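Q: I'd like to learn how to read cavities and helix packing in a model. Can you walk me through it?

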Amino acid sequence: MSVLELRHLGPADMRYSSRTIGGTPAALSGDRLVYKLVRTSRLYEQIVQQIEESIVKGDLKAGDQLPAERELAQRFGVSRTAVREAVKALREKGLVEAYSGKGTFITDGTTQAVRQSLDLMVKIGQPEGSTHLAEVRAILEPEIAALAATRIQEPELATMREAVSVMDGAGQDPEAYIEADLDFHLALAEGAANPLILSLLDSIVGLLREQRLRIFRVPGGPDRGQLHHKRILEAVEKRDAEKARQAMRAHLSQVSEDSKTPVAKRTPGKQNH
């Protein structure tokens with residue numbers, strides 16, 4: 001479709017609803033959100049600006065789902081790369097959040113503010129900051145697991161299963177393992193069906209990325225983590241709140257111990273196992 005043809009299209013509703021009908025996103029009634037085609041060298045910045053304006057005006061609200069990357073590219077008349085950069089910028093601003101297998105959603109902006117505040121506190125308070133953060137996690141996550149065992153729905157369970165599968169196949173790829181690890185814990189928090197819990201955990205787990213990377217390099221660390229992930233998943237699938245709580249406590253204990261273990265040095269030409 002040419003630029004001229006796109007110009008003559010009717011007004012397009014750029015949001016999907018987080019509400020679903022029959023398990024699929026229900027399109028909201030449109031006619032209000034109209035975006036201009038963009039042509040300058042910094043295309044993604046113009047996309048960000050237009051979406052920000054829609055949020056400020058209230059046309060896009062917290063919980064609304066953005067269309068898929070391909071559709072956004074078509075509606076803006078740009079490449080998928082420009083859309084990808086725009087979504088990344090919006091995530092950094094705390095205006096959207098992307099969930100694996102579900103899509104990108106408008107947020108209320110508070111999660112990013114909390115994350116930045118906690119990040120600063122931890123950096124200023126090192127080394128005590130990491131210890132304090134681990135204590136908070138130990139308080140929150142066992143109860144999150146217990147709640148999820150009684151409330152979780154199939155989409156979140158599917159995300160957890162997929163995360164475990166990705167971690168199983170991550171091999172020597174720390175980025176793949178760590179991102180799947182984050183997906184696993186965030187899906188569990190989503191399963192607890194409490195938006196405040198999800199916001200709190202989302203703010204905390206991002207701070208533990210460096211700790212996760214360090215544990216990945218500890219001999220046997222990923223394997224031990226996987227053993228606990230699978231026990232947590234099994235307990236949640238069986239709707240056993242107490243076993244889910246105990247499994248998460250055991251996992252966090254293992255994480256604490258591994259975080260104190262010296263990291264093995266890599267030998268050129270060899271891989272750690």
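**Cavity and helix packing**

A: The largest cavity has a volume of about 150 Å³. On a 1 Å grid over the protein atoms alone, a cavity is a set of points where a 1.4 Å probe fits but cannot get out; the volume is the space filled by probe spheres set on the points, which are joined across faces, edges and corners. The model is predicted, so local features need pLDDT of at least 70 and side-chain atom pairs 80 or more, while totals for chains, interfaces and linings use all residues. Numbering starts from 1 along each chain as its sequence is written, and side-chain values use heavy atoms, without hydrogens and water.

Q: Which residues that line the largest cavity are the closest to its centre?

A: Lining residues have an atom within 4 Å of a point. Here there are 16, and Asp181, Arg212, Ile215, His251 and Val255 are the closest to the centre. The lining divides into six nonpolar, seven polar and three charged residues (nonpolar: Ala, Val, Leu, Ile, Met, Phe, Trp, Tyr, Cys and Pro; charged: Asp, Glu, Lys and Arg; polar: the others, Gly among them).

Q: At what angle do α8 and α11 pack?

A: Axes are lines fitted to C-alpha atoms over the stretch in contact, and angles run from 0 to 180 degrees between N-to-C directions. Helices are DSSP runs (H or I, at least four residues), numbered from the N terminus. Helix α8 (residues 174-191) and helix α11 (residues 221-237) pack at about 25°, axes 12 Å apart. That makes α8 roughly parallel to α11 (angles under 35 degrees). The contact (heavy atoms within 4.5 Å) includes Tyr177 and Asp181 of α8 and Pro222 of α11.

Technical notes:
Helices (H or I, at least four residues) and strands (E, at least two) are DSSP runs, numbered from the N terminus. Angles under 35 degrees count as roughly parallel, over 145 as roughly antiparallel, 65 to 115 as roughly perpendicular and the rest as oblique. On a 1 Å grid over the protein atoms alone, a cavity is a set of points where a 1.4 Å probe fits but cannot get out, and a pocket is an open set with protein on both sides within 12 Å along at least five of seven lines; lining residues have an atom within 4 Å of a point.
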